[in-house]
Amino acid sequence: MSLIFDKKFKLDSSEKFDDYMKALGVGMMTRKLGNTVSPVVELTKSDDGKLVLSSNSTFKNSSIAFKLNEEFDEETPDGRKVKSLIVQDGNKLIHTQKCDKHNDTTIVREFEPEQLKMVLTVDDITCTRIYKPVQ
């Protein structure tokens with residue numbers, strides 16, 4: 001199985017997202033907002049060969065353009081400046097974020113025809129978010 005491009009997935013369920021955000025130092029108001037929105041995620045390819053991962057919601061829109069296996073600078077939706085690296089393992093994108101001020105984080109996005117599963121890890125906290133296809 002491989003990655004799925006040009007298909008939109010909307011957040012359907014989320015476990016321990018508040019704990020994950022708290023461990024990253026995200027303030028209470030931003031956490032409350034972050035827990036109420038259902039972002040739509042889409043993976044596309046740009047004309048220059050980069051992959052583009054976008055997340056859109058009523059709270060915030062964000063996107064990152066990257067090449068697999070190449071480190072890049074990223075500002076996360078919560079404002080952290082990190083060094084990121086994304087590698088592909090079959091139908092998974094494994095996204096590592098390194099930051100001087102906070103602990104490193106890992107985000108694994110597993111693409112399947114009927115769902116996108118995101119597993120976010122920082123310290124000993126693991127958050128699982130399930131996205132379903134937008135019809």
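Over the ring of which residue does the charged end of arginine 129 sit? The ring is that of phenylalanine 17, and the charged end of arginine 129 is 3.7 Å from its centre. A charge is taken to sit over a ring if NZ of Lys or CZ of Arg is within 6 Å of the ring centre and within 35 degrees of the ring normal. Lysine 45 likewise lies over the face of phenylalanine 5, at 4.7 Å from the ring centre.

This is a predicted model, in which local features need pLDDT of at least 70 and side-chain atom pairs count only at pLDDT 80 or more, while totals for chains, interfaces and linings use all residues. Residues are numbered from 1 along each chain as its sequence is written, and side-chain values use heavy atoms, with hydrogens and water left out.

**The sheet**

Helices (H or I, at least four residues) and strands (E, at least two) are DSSP runs, numbered from the N terminus. Two strands pair if DSSP finds at least two bridges between them. An open sheet is formed by 10 strands in the order β4-β3-β2-β1-β10-β9-β8-β7-β6-β5, with antiparallel pairing. β4 (61-66) and β5 stand at the edges with a single partner strand each, so one side of each has no neighbour in the sheet. On average, neighbouring strands of this sheet are turned by 25° against each other, direction ignored; the axes are lines fitted to C-alpha atoms, for helices over the stretch in contact, and angles run from 0 to 180 degrees between N-to-C directions.

| Strand | Partner strand | Bridges |
|---|---|---|
| β5 (residues 72-75) | β6 (residues 81-89) | four |
| β6 | β7 (residues 92-98) | seven |
| β7 | β8 (residues 105-112) | six |

Two hairpins have a glycine with a positive phi. The hairpin of β5 and β6 has five residues between the strands, and its glycine 79 has a phi near 95°. The hairpin of β6 and β7 has two residues between the strands, and there glycine 90 has a phi near 65°.

**Aromatic pairs and the core**

Rings of Phe, Tyr and Trp (its six-membered ring) pair if their centres lie within 6.5 Å; planes under 30 degrees apart count as stacked, over 60 as edge-to-face and the rest as tilted. The count comes to three aromatic pairs. One of them joins phenylalanine 17 and tyrosine 20, whose ring centres are 6.3 Å apart with planes at 15°, so the pair is stacked. These two residues are three residues apart in helix α1 (residues 17-23), and are therefore separated by about one helical turn. Both phenylalanine 17 and tyrosine 20 are buried; buried means under 20% relative accessible area, exposed over 50%, and partly exposed in between (1.4 Å probe, protein chains only). Phenylalanine 66 and phenylalanine 72 also form a stacked pair, 6.0 Å centre to centre with 15° between the planes. Phenylalanine 66 and phenylalanine 72 are buried as well.

In soluble globular proteins, nonpolar side chains tend to be buried together. A nonpolar core here is a set of buried Ala, Val, Leu, Ile, Met, Phe, Trp, Tyr and Cys residues joined through side-chain atoms within 4.5 Å. The largest such core has 26 residues, and those with the most contacts inside it are Tyr20, Leu43, Phe66, Leu93, Phe111 and Tyr131. Elements that each supply at least two residues include β1 (8-15), α1, β2 (40-45) and β10 (125-133). β9 gives the most, with four residues.

Contact means heavy atoms within 4.5 Å. Leaving aside neighbours within four places in sequence, tyrosine 20 is in contact with residues including Thr105, Ile107, Leu120 and Cys127.

Serine 62 is found in strand β4 and is partly exposed, with a relative accessible area of 26%. Not counting residues up to four places away in sequence, serine 62 touches Leu53, Ser54, Ser55, Asn56 and Pro77. Threonine 106 is in strand β8 and counts as partly exposed at 28% relative accessibility. Threonine 106 and leucine 120 are 14 residues apart in sequence and 5.8 Å apart in space, C-alpha to C-alpha.
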